[in-house]
Every structure is written in structure tokens, then in C-alpha cells.
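Please look over the sequence and the structure shown below before reading on. The report then goes through selected parts of the model in turn.

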Amino acid sequence: MRVSRQERDSALAMEPLRPAGPAEGFVGSTLHAIKDVFDHRELLGLLTRREIKARYKDSALGLIWSLIRPIVQLLVYWVALGQFMGMMRAIPEFAVFIFTGLTIWQLFTDIVTQGTNTIVANAGLIKKVYVPREIFPLSTIGSALFNFGMQMVVLILFLGLRSAQLSARHGEGVNLFPLGSRWIYGVLALLLTLLWAGALALLLSAINVYLRDTQWLVEISMMVLFWASPTVYALRMVTDQVGGWLLQVYLANPMTMAVLGFQRAFWVPGDGFDTPGTVCREVTTYDAGGLVEAAQVCEPGRVVFGPTAYPGNMMLRLGIMIAICTVLLWGAHRVFARLQANFAQEL
Amino acid sequence: MSPNVVEINGLSKRFVIRKEKSLKERIVNWGRSQEHKEDFLALQGIDLNIQAGTTVGLVGPNGSGKSTLLKMIAGILQPNQGTVRVRGRIAALLELGAGFHPDLTGRENVYLNASVLGISKEETERHFEQIVEFSGIEQFIDTQVKFYSSGMYVRLAFAVAVHVDPDILLVDEVLAVGDEPFQKKCMDRIKQFQADGRTIIFVSHSLDQVGELCDRAVVLEEGEIVADGVPAEALKVLRERFDEQRADDLDARHARQRQDAELDRPRVDRVELFDLAGNPLTEADQVADLRIAITVTVPGAGQDVIVGAGVDTPWGVTVIGTNSEMIGTEVGFVQGTQRIDVVYRGLRLARGRYSVHGQVSNVDGVELDRVRDASPFEVEGDDETSAGLTWAHASIERG
């Protein structure tokens with residue numbers, strides 16, 4: 001379809017002049033960026049696919065690797081924390097518990113750590129073409145969501161298999177599969193994670209251009225933050241130790257709420273659970289010399305867990321945090337928009 | 001009257017050159033960091049309007065801000081002062097294969113690269129066959145790009161690039177790569193774009209190319225526009241600047257040569273251009289008679305030498321050359337300083353700028369010294385019936 005010179009000229013004359021590059025303005029630039037990204041959604045899709053495809057290209061197992069990592073992680077925590085440190089006796093269905101927490105946590109770390117690097121990693125493109133730069137952090141969100149989706153599939157399959165196994169052992173129907181309004185918690189937790197991680201990724205990716213130390217700082221922070229939310233231990237273990245304002249600080253961490261929300265959705269045994277298992281008790285005996293000897297006596301019985309305590313008004317808390325993180329995301333974009341002016345020359 | 005597609009007002013761009021990089025240096029120089037920053041004005045006070053449908057060449061010496069200006073129009077860099085406003089779809093070909101990922105196949109990269117250049121997926125699908133055919137790598141299209149030869153890579157990237165559909169096309173020197181047929185394809189494509197009424201803004205070091213393709217040339221020097229107008233006028237300004245620079249270089253060279261004077265080696269002292277009557281020549285007709293005077297010095301005991309001279313374009317392409325051996329007239333034994341003239345009669349030159357060179361060799365043909373870019377001269381004429389290095393009057397006759 002050829003357009004004649006005159007047609008092109010008159011079409012151009014109708015168009016207003018626009019500033020080259022991203023738009024300026026307080027609110028306007030964010031709205032403009034959203035439109036700009038929407039116009040480039042095909043590119044966003046392709047970049048996301050590039051991230052996913054290129055990561056495991058040439059490896060025999062390919063995408064399966066993205067599942068092996070969380071499964072191994074699950075096994076390590078299950079053995080070390082669950083078995084050796086006895087967390088299994090305090091938390092029902094410990095494997096489901098950690099897998100739920102790790103799935104949402106993995107999404108968060110993927111977005112933040114990869115997002116931080118994304119502008120620097122795409123320096124070649126940023127220096128040579130103008131595309132809305134927000135696309136790069138967003139594409140890491142896309143590829144992280146893909147991984148998350150894969151893990152969710154595994155989690156759901158696992159829940160199904162475990163339900164069947166327990167039903168067979170109990171001789172009665174046991175359902176670990178989340179039903180009904182539980183899903184609302186899952187959706188809210190996911191939304192909160194995306195907003196919070198997205199805000200951090202936008203902010204840190206821009207800062208990382210000017211200060212490359214950021215990416216290393218992020219790596220270390222993730223290690224600390226992992227233990228700052230109840231992913232592999234129960235919230236009750238925190239409330240037993242701290243209370244008052246310190247607990248509120250702990251709960252103010254968006255990822256704590258996201259992990260709790262996700263557990264509330266996908267970790268059904270947390271509502272209270274009893275299962276056939278091994279019950280142990282301490283038996284103290286005295287030998288002839290009068291020395292005390294302690295021993296454990298274990299026998300088959302029923303293991304009963306009470307319902308897990310969640311912070312009150314969870315729905316409200318999640319809602320407030322989502323609102324706060326939306327504002328933070330906007331703030332992060334303001335900083336991003338300000339800093340991106342010099343991306344091409346700083347990279 | 002076509003609308004303006006680019007309007008630039010009072011544009012300035014400053015780069016900060018930081019000299020310190022390590023943390024230690026930063027800490028040691030804390031608070032004095034201003035001293036360690038050096039401002040560099042890449043562009044200053046640029047005002048430029050570009051009308052739809054024109055082809056504009058940005059030219060200038062290295063570091064004059066051409067590429068920076070192009071990136072500002074593309075929106076890659078943001079101005080420190082002033083505004084850059086545009087209308088219409090822009091495609092920037094600053095690099096071939098932007099966004100190519102080595103681990104993806106050719107097919108995947110075509111879609112990605114096309115998307116980066118603003119071609120929709122639909123369009124890419126429609127043109128896919130053409131793109132692959134154009135690149136000539138059908139059998140490797142599903143191979144990862146990292147296994148491509150550099151030629152295949154460039155061909156594929158270019159095949160995608162020519163399918164852009166912008167109102168404004170920005171081209172950096174990317175088109176200077178590739179073999180001759182490839183360059184020819186580029187030129188054909190650019191002419192096609194011109195016929196479509198698209199605006200093309202391109203940076204080039206090839207003044208001939210600018211002269212051939214552009215309606216308008218903008219000459220930049222040290223971040224400022226020093227000339228803007230029809231290519232012939234603007235390029236003349238630039239060529240004069242280049243000549244000044246070259247003269248400076250030659251002076252420096254002569255200074256070095258004087259130091260070498262004690263060396264026992266024949267050298268060319270200077271090369272001058274005269275007409276047949278012996279008057280200095282700076283402008284010649286399209287059919288020119290040239291007398292190139294080479295002054296050679298053979299120090300010490302003297303030796304047999306061969307002397308040569310010729311005419312070059314500003315880009316170092318020799319239009320014509322000869323030496324005393326080819327002519328069959330021996331210069332023979334030279335001792336001390338001597339002037340030897342090489343005379344060309346009836347040399348047909350296309351309009352443009354040229355310079356002369358002179359050289360001296362020993363009898364084995366080993367070149368001992370050469371002076372280039374001497375005595376620049378301009379060939380002027382009214383006959384525009386042909387183009388190229390040489391000239392003839394051309395006409396069409398129906399058989």
C-alpha cells in the first residue's frame with residue numbers, strides 16, 4: 001500500500017508537534033508512558049519471550065530447569081528445617097506451606113533482581129533506538145510471571161496428589177485444594193507482589209545505571225528479606241518472640257502480607273488439621289545410681305493442629321497495602337522518568 | 001507547502017566527562033567532585049527546521065555533534081536546553097540489528113528487530129518472505145544468530161531495516177558497511193523512500209554521497225551549525241575547513257621532515273600545480289591541462305630516481321597517476337634539489353574538488369616519499385549531462 005507524497009504531507013500537517021522522547025509533566029508523563037507502553041505491547045511481548053527463550057536456550061532440559069530450582073529449594077528447606085529442626089511438628093503439611101511461600105517469594109526476587117539489571121543489560125538497545133524504557137523492567141515482570149505460572153501449575157498438581165494420598169491413608173476425603181473465597185487472598189497477594197516488586201524494579205533499574213553497586217546491594221538485601229517474611233517459618237514463631245510496634249513493623253513489610261495472603265489462599269491445612277501420624281512423648285526414668293535418663297517414646301496416633309493465626313483484618317490490610325504500593329509505583333515511575341533522560345549517555 | 005516534521009529551537013546538549021571511576025577516588029575527592037567533572041558541549045544553540053519530504057545530510061568532522069543531533073531527534077538523548085519537537089512516525093537506523101539476541105534464531109530475531117524499529121507484527125508477517133529472500137539466507141533462518149557469519153548477520157539486519165515504514169528515517173553511518181552490491185541496494189532503497197515523500201535525515205562522512213542524495217546539507221562543527229543550505233554550497237564550506245585542517249597537518253609534517261633532513265634519503269619537498277604557462281592553478285575547466293611540479297631533494301651523493309605525480313579526489317581515490325618510468329622519460333641521476341614537472345593535457349574531470357600528489361621512488365620502484373593532498377583545486381563547468389569521476393558530454397539518440 002503506497003501512500004502518495006501529498007497524502008503523507010496532509011496527514012503529517014494534521015498531526016501536532018510532539019517533543020522527541022518521553023513526555024514531560026507531573027502526571028502527564030505517567031499517563032503518556034502508559035499509552036506509550038501500550039502502543040509498544042507487541043515489542044513488550046517479544047522482549048518477554050526473548051528473556052524466557054534465551055535463558056535456557058541450548059540446554060537439554062530447557063524450561064524444566066525453571067522448575068527444578070524451586071523444587072530443589074523446597075526439598076532443602078523441607079529436610080533441613082522440617083525434619084532436622086522439627087518445624088514439621090509445628091506446621092501442618094510443611095511441604096505445602098513452604099512451596100506456597102517460595103512460589104510467591106520467587107516471583108518477587110525474580111522481578112526485583114532481574115529488573116534491577118534490565119536497563120544496563122539492554123544498554124545496546126537503549127543507546128540506539130527510542131522505545132519507552134519502562135518496557136525493559138516490564139519485560140522482566142513478564143518473564144517472572146511465566147516462571148510463576150509454571151510453579152503454580154506444579155503447586156496445584158502437588159496439592160492434588162497430596163490430597164489423594166492423604167484421603168487414601170485416612171480412609172476419608174481430605175481436600176488440600178483451595179476452594180471459594182480463598183482465591184481472593186491469592187489474587188490480592190499476587191497483585192500486591194506485582195505492584196511492590198514493580199515499583200522496586202523501576203526505581204532500582206534506573207538507579208543502577210548511575211550506581212552499579214545497586215545490583216550487588218539488591219542481591220544481599222534479598223537474602224536478608226527472605227528471612228524477614230514468614231516463608232519457611234510460621235508467623236506464630238514471630239509473634240511468640242516480638243509484639244507491639246516491632247510486630248507492626250514486621251507486618252508492614254508488603255512481602256510479609258503477600259506471603260501470608262498467599263498461604264491463606266493455597267495452604268488449606270493452616271485452617272486446622274488433623275492427620276494420622278506418629279505421636280511422641282518424653283519418658284523420664286531413674287537408674288540404680290539415681291541418674292535421670294530421658295527417652296522419647298513414639299507410637300502411632302493422630303496429630304492435631306489448631307488453626308494458624310493470621311493478622312486481623314487481612315483483607316483490609318492487603319487492600320491498604322495495595323493502595324500504598326500503587327502510589328509507590330507511581331512515585332518510582334516519577335523517579336524513573338526523571339532519571340531516564342540521561343540513560344543513553346550514562347550507559 | 002509541506003509541514004515541518006522536525007523543529008529544533010535553541011538546542012544545547014552538555015556531556016559531563018567524569019575522570020574518576022573507582023570508589024576510592026570518589027571518597028578521596030569527596031566534595032571536590034566539581035573539579036573532576038569536565039563539561040563538554042556537544043551541541044550548542046542549534047535551530048533547525050526540517051520540512052517533510054526533504055533529504056537532509058548532516059556532515060562535519062569527527063566529534064562535531066552530528067550523531068548526537070541525530071540521537072536528539074530520535075529522542076534517545078534529552079536536551080539540556082531548548083526543545084526538539086517532531087511529528088510523524090520515526091525510525092532510527094543507528095545500528096543494524098538493534099535488539100538481535102545471539103541465542104535466538106534468525107526468524108525470532110527478525111520479529112524482534114522489526115518490532116524495535118516500529119514495524120507491527122502483522123506487517124512483519126506480510127513481509128517475512130521478502131525479508132528472508134532479500135537477506136539471501138533462507139536455509140539458515142532457523143539457526144541461532146550466533147552461528148551466522150558477520151556478513152549474514154548484517155544482511156539479515158538490513159533486510160529487516162529496509163522494511164521500516166516511517167515518515168522520518170534517521171540513518172547513521174550504518175549504511176557504510178557491507179559490500180558494493182549491498183551498498184547499491186541501500187542507495188536504491190533510499191531513493192525509493194525519497195520518491196515516497198518520506199523525510200530522511202542522515203549522517204555521513206561521504207560528501208559525495210551527501211551531494212548526490214540530499215536536497216539540503218547541514219554542516220556542524222564543534223556543536224554548532226556553520227553552514228546550512230543546498231549541498232553544493234554547504235559542502236564547499238566544509239571542504240574549505242578540511243583543507244585548512246589538512247594544511248595544518250602538512251605544516252606539521254614538514255616540520256618533522258626538516259628534522260629528518262639529515263637522513264640520507266630522497267624526499268619530496270613540495271608539490272605545486274600550475275597551468276601549462278606556469279601560472280599557479282586553483283580552478284580548472286572540465287577539460288584541464290595541468291602541470292604538476294614536484295621538487296625533490298636527494299641528499300648526499302645522489303642517486304637515480306623515478307618521479308611520479310597524479311590527481312586525487314578528497315577521499316583519496318586516485319583519478320589518474322603516472323611516473324617517469326611509465327612515461328618512458330628517465331629522470332636519472334639527481335643530486336641536491338631539483339624540480340621535475342609532470343604535465344597532463346586534456347584531462348577530463350567531473351565537477352568537484354581535487355588535489356594532487358607527488359612521489360619519488362628508487363629505480364627498483366620502492367616508494368621513498370610521497371606528498372598527498374597538495375594544491376587543492378576546483379573543477380567547474382556547465383555541462384551536467386554526466387556524473388562520476390571523469391566527464392564527457394552525454395546525449396541520447398534514438399536508434
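This is a predicted model: local features need pLDDT of at least 70, side-chain atom pairs count only at pLDDT 80 or more; totals for chains, interfaces and linings use all residues.

Residues are numbered from 1 along each chain as its sequence is written, and chains are lettered from A and ligands numbered from 1 in the order in which they are written.

Helices (H or I, at least four residues) and strands (E, at least two) are DSSP runs, numbered from the N terminus. Axes are lines fitted to C-alpha atoms, for helices over the stretch in contact, and angles run from 0 to 180 degrees between N-to-C directions.

| Helix pair | Axis distance | Angle |
|---|---|---|
| α5(A) (residues 94–121) and α12(A) (residues 254–266) | within 9 Å | roughly 135° |
| α12(A) and α13(A) (residues 314–339) | 10 Å | about 135° |

Angles under 35 degrees count as roughly parallel, over 145 as roughly antiparallel, 65 to 115 as roughly perpendicular and the rest as oblique. α5(A) and α12(A) are therefore oblique to each other, and α12(A) is oblique to α13(A).

A crossing is left-handed if the near helix is turned anticlockwise from the far one by less than a right angle, and right-handed if clockwise. α5(A) and α12(A) cross in the right-handed sense. Among the residues that make this contact are Phe97(A) and Trp105(A) of α5(A), and Met255(A) and Phe262(A) of α12(A); two residues are in contact if their C-beta atoms, placed from the backbone, lie within 7 Å. The contact of α5(A) with α12(A) has 9 nonpolar, 3 polar and no charged residues. Here Ala, Val, Leu, Ile, Met, Phe, Trp, Tyr, Cys and Pro count as nonpolar, Asp, Glu, Lys and Arg as charged, and the others, Gly among them, as polar.

The crossing of α12(A) and α13(A) is left-handed. Its contact residues include Gly261(A) and Arg264(A) of α12(A), and Arg317(A) and Met321(A) of α13(A). By class, the contact of α12(A) with α13(A) has 6 nonpolar, 1 polar and 2 charged residues.

**Contact between the chains**

In chain B, 38 residues are in contact with 31 residues of chain A. On the side of chain B that touches chain A, β1 (4–18), α2 (66–74), β4 (81–86) and α3 (106–116) each supply at least two residues. This side of chain B has 18 nonpolar, 11 polar and 9 charged residues. Strand β1 (residues 18–19) of chain A runs antiparallel to β4(B) and is joined to it by 2 bridges; strands pair if DSSP finds at least two bridges between them. Arg18(A) has Val86(B) in β4(B) as its bridge partner.

**Strands of chain B**

β15(B) pairs with strand β12 (residues 287–312) of chain B in the antiparallel sense over 8 bridges. β15(B) is also joined by 8 bridges to strand β16 (residues 367–379) of chain B, again antiparallel. Arg353(B) stands opposite Glu378(B) in β16(B). β15(B) and β16(B) form a hairpin with 4 residues between them, and Gly365(B) in the turn has a positive phi of about 90°.
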